[in-house]
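Work through the exercises below with the structure open. Each task is followed by a solution in steps.

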Amino acid sequence: MGLTLAVDLGQRGVRCTLIERKPEPQFLPKMERCNARTMEIFRRMGLAAKVRAAGLPADVPMDVYIVRALNLPPLMHSPYPSVNQARRAIDACNDGSMPLEPYQLISQYTLEPLLKSVAETLVNVKYGCAFESFEQDATGVTARTSTGTIRAKYMVGCDGGGSLVRRQLGIELRGEADILRLRQALYRCDELYDRIPINGGPGHGRHYHVADERSTFLIMQDSTRHWTLHATVAEDREMAPQFEKTIGVPVKYEMLYVGEWKQNLLLADRYQDGRVFLAGDAVHLMIPTGGLGMNSGVGDAIDLAWKLEGTLRGWGGPRLLASYEIERRQIGGRNVAASRYASQGRRKWRSLWRNLDELVAVAKVEQPKSNEMIGAELGYRYQDSPLIANEPGGPEDPLRKYEPTTWPGARLPHVWLEGHTAIQDRIGRGYTLLRLGGSKAAFGMNAPFEVLDIPDAVARDLYGYDLILLRPDLHIAWRGNQMPADPQRLAALITGH
């Protein structure tokens, strides 16, 4: 999350320093999927094409299987589209129900060097520099590191589940800890992808769940030459025979890494203390079911970046930075709950491994919860935010289904304009007033701002209003058919005054 935040700040012209104790990015398995909302964010940052070029090829299917082994017929097959197939569906849809960008499978060990290379062109990046402690006062933060001290106006701890910044602040993580312990191993096997399907076994896909007593789970990585395996085994050395058992036939492979990890469902009590903020795994820990962990952290980063910019440039009021915790903590809690919902479903069918017929029957209902979270990805909205012209009530926001809405606080739904241009690509990095249906309403504010006329009837019909006021993160701050009686009060509200 630190790299995403640093890139966004750098693109906004904000001076910052990123420190990382590792001397360089490590080839270790962690996340492997950027969801649709994250890819929309990367598109606005000019990074989507680079991420896709580095990630899984666009024609590879994203299917999910439940198996006994890869050389045996699958017990269950859930087809999911490749990036190319998803793009064709998005291109053909203009009712707001789909994202602008499909997901992208890309391993963290691929994404981190990419983001680092971009960040190095924009801000001061110091790998091999370990954070040790900090002090804050009325004007800034002084951080002590292994290479010296750094003084800044603000500091953000994106330092993971064991966050030293969070611990120094005395902020607790609460929820369910140490639910299950598994080992994860990373393998290089150049031949496996090309040999699939093996003897009538499952076809190409990204996830292969093994119906056994060890919660075994094989994941294809972005190169199609690397694979990760998760299993509840007692010792590291057991991960080699577990991989062989999962494949079911002899293959040449190298086991590159083994490590233990714990399933947690935890949320921090606070996201801010004075001039110090927390983001990503430092404030929310989720089970990977649903794929919301890293993606939630990207949302934290882009929410905080424009608020730091506004505060530092002087157009943001005192509520601008204070809104970060109000907005993002509710989403962190929502996504922890979504991860719980998905993981409980998975545990339910996995517990039936002794009776495969019953396991499959239950998995047909429960397993899709882990892979179909489009509502959680796109449908979240910031409720009761001090930066939103809140309306009473509000639509439901189901986890597995996305219903496009312009309710204040929600993300602006994607729509294609004339010439097959995405509306998101027409919108700048500041506040934007969309004028639809021929409206000529006037508005101004003391912050980066533009008026964008959208004559396309499809946008007016979908959005339901003549005027939509957007924040820099494309969340809706206000909507209406005419400007309010006191437009400057609205401007003050949405800039945190």
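The model is predicted.

**Exercise 1.** Determine how helices α10 and α11 are oriented relative to each other, and list the residues that make their contact.

Solution. 
- Step 1. Locate the two elements: α10 covers residues 318–350 and α11 covers residues 356–366.
- Step 2. Take the geometry. The packing angle is about 170°, and the axes are 8 Å apart.
- Step 3. Angles over 145 degrees count as roughly antiparallel, and α10 and α11 are therefore roughly antiparallel to each other.
- Step 4. On the α10 side the contact is made by Gly345, Lys348 and Trp349. On the α11 side it is made by Leu359, Val362, Ala363 and Glu366.
- Step 5. Sorted by class, the residues of this contact are 4 nonpolar, 1 polar and 2 charged.

**Exercise 2.** Carry out the analysis for α9 and α10.

Solution. 
- Step 1. Helix α9 comprises residues 293–313 and packs against α10 at an angle of about 175°, with the axes 9 Å apart.
- Step 2. The pair α9 and α10 is therefore roughly antiparallel.
- Step 3. From α9, the contact residues include Ser296, Gly299, Asp300, Asp303, Leu304 and Trp306. From α10, they include Leu320, Leu321, Ser323, Tyr324, Glu327, Arg328 and Asn335.
- Step 4. By class, the contact of α9 with α10 has 6 nonpolar, 6 polar and 5 charged residues.

**Exercise 3.** Describe the packing of α1 with α5, including the handedness of the crossing.

Solution. 
- Step 1. Helix α1 (residues 2–11) and helix α5 (residues 108–119) have axes 9 Å apart and an angle of about 30°.
- Step 2. Angles under 35 degrees count as roughly parallel, which makes α1 roughly parallel to α5.
- Step 3. The α1–α5 crossing is left-handed.
- Step 4. Leu3, Thr4 and Val7 of α1 meet Glu112, Leu115, Lys116, Val118 and Ala119 of α5.
- Step 5. These contact residues divide into 5 nonpolar, 1 polar and 2 charged.

**Exercise 4.** Characterise the second largest pocket by its space and its lining.

Solution. 
- Step 1. The second largest pocket holds about 400 Å³ of space.
- Step 2. It is lined by 20 residues, and Pro81, Met98, Pro99, Tyr103 and Ile374 are the closest to its centre.
- Step 3. Elements giving two or more residues to the lining are α4 (83–91) and α13 (374–378).
- Step 4. The lining residues divide into 12 nonpolar, 2 polar and 6 charged.

Conventions. Residues are numbered from 1 along each chain as its sequence is written. This is a predicted model: local features need pLDDT of at least 70, side-chain atom pairs count only at pLDDT 80 or more; totals for chains, interfaces and linings use all residues. Side-chain values use heavy atoms; hydrogens and water are left out. Axes are lines fitted to C-alpha atoms, for helices over the stretch in contact, and angles run from 0 to 180 degrees between N-to-C directions. Helices (H or I, at least four residues) and strands (E, at least two) are DSSP runs, numbered from the N terminus. Angles under 35 degrees count as roughly parallel, over 145 as roughly antiparallel, 65 to 115 as roughly perpendicular and the rest as oblique. Contact means heavy atoms within 4.5 Å. Ala, Val, Leu, Ile, Met, Phe, Trp, Tyr, Cys and Pro count as nonpolar, Asp, Glu, Lys and Arg as charged, and the others, Gly among them, as polar. On a 1 Å grid over the protein atoms alone, a cavity is a set of points where a 1.4 Å probe fits but cannot get out, and a pocket is an open set with protein on both sides within 12 Å along at least five of seven lines; lining residues have an atom within 4 Å of a point. Grid points are joined across faces, edges and corners, and a volume is the space filled by probe spheres set on the points. A crossing is left-handed if the near helix is turned anticlockwise from the far one by less than a right angle, and right-handed if clockwise.
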